[in-house]
Amino acid sequence: MRNHSQDATHPGTPTEPSGLRLAGGRAVEADPPAPSPGPAQGGGSGGSRLPPDRTQAILEATKHVASILKGAGHPFALAGSVAAYAHGVPASLQHDTDFAILREDAEAVTRDLEGAGIRVRIPPEDWLVKARSHGEEIDLIFELTRHPVNRDLLARAQILPVDSVQMPVLAPTDLMGSLLAAFSEHHCDFGAVLPIARTLREKIDWDLLRRENEGVPMPEAFLYLLERLNVIDRRE
């Protein structure tokens, strides 16, 4: 679908490949960088000063929206590259934050975000709502690559700290499954997903992902690459 510096929790300095963002499991070309707001512009965050770097701005936006969703009692899970970051994947966050929500909650979520002063817009695509906080884009997604977000998916989410704020995050197998499903002939940047697979390989049910992607060329090619690189065991 539609993903996202380092801090003391995540040492190292690898960066995401440029030109690609992983949006809720759907790979899309990255939007051109937005103009940098002035020091007093809040980007929907109450006029406060923006964080000093892009990664921190994305984390602040993530925490802001998650706090509103939690406070209102909406079930959700963090998705995309910020979810990978929460699971411990080193990354320099450069793109938007993705939240998986239930389609039936979209109207109430929109209302609660707007009530908290966050700008919300309804894009032409019928599988997400877009918002903006701390100068950063937020995608609230109710389909992960044409698979509707459901309560079972959200129930499997793990509660993890994101820059010290606890929130539900897609389970590793669900996260990797959404990224595999995003591969297509037009968007197939294995390099963006390889570090996630390496870091989370012990936490992912690879046999399940093989079964779910059997006969699908791009995911199968990526799984074969992981075998050749000895990231995962070869299929018997």
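Contact here means heavy atoms within 4.5 Å. Helices (H or I, at least four residues) and strands (E, at least two) are DSSP runs, numbered from the N terminus. This is a predicted model, where local features need pLDDT of at least 70, side-chain atom pairs count only at pLDDT 80 or more, and totals for chains, interfaces and linings use all residues. Residues are numbered from 1 along each chain as its sequence is written, and side-chain values use heavy atoms, with hydrogens and water left out.

Axes are lines fitted to C-alpha atoms, for helices over the stretch in contact, with angles from 0 to 180 degrees between N-to-C directions.

| Pair | Axes come within | Crossing angle |
|---|---|---|
| H5 (residues 172-182) and H6 (residues 190-200) | 11 Å | roughly 160° |
| H6 and H8 (residues 217-228) | 11 Å | roughly 50° |

In H5, Pro-172, Leu-175, Met-176 and Leu-179 meet Val-193, Ile-196, Ala-197 and Leu-200 of H6. By class, that contact has eight nonpolar, no polar and no charged residues; Ala, Val, Leu, Ile, Met, Phe, Trp, Tyr, Cys and Pro count as nonpolar, Asp, Glu, Lys and Arg as charged, and the others, Gly among them, as polar.

On the H8 side, Phe-190, Val-193, Leu-194 and Ala-197 of H6 meet Met-218, Ala-221, Phe-222, Leu-225 and Leu-226. This contact divides into nine nonpolar, no polar and no charged residues.

Elsewhere, Glu-136 lies in strand S7 (residues 136-141). Glu-136 is buried, with a relative accessible area of 7% (buried means under 20%, with a 1.4 Å probe and protein chains only).

Note on methods: Buried < 20%, exposed > 50% of the residue type's maximum accessible area, 1.4 Å probe, protein only.
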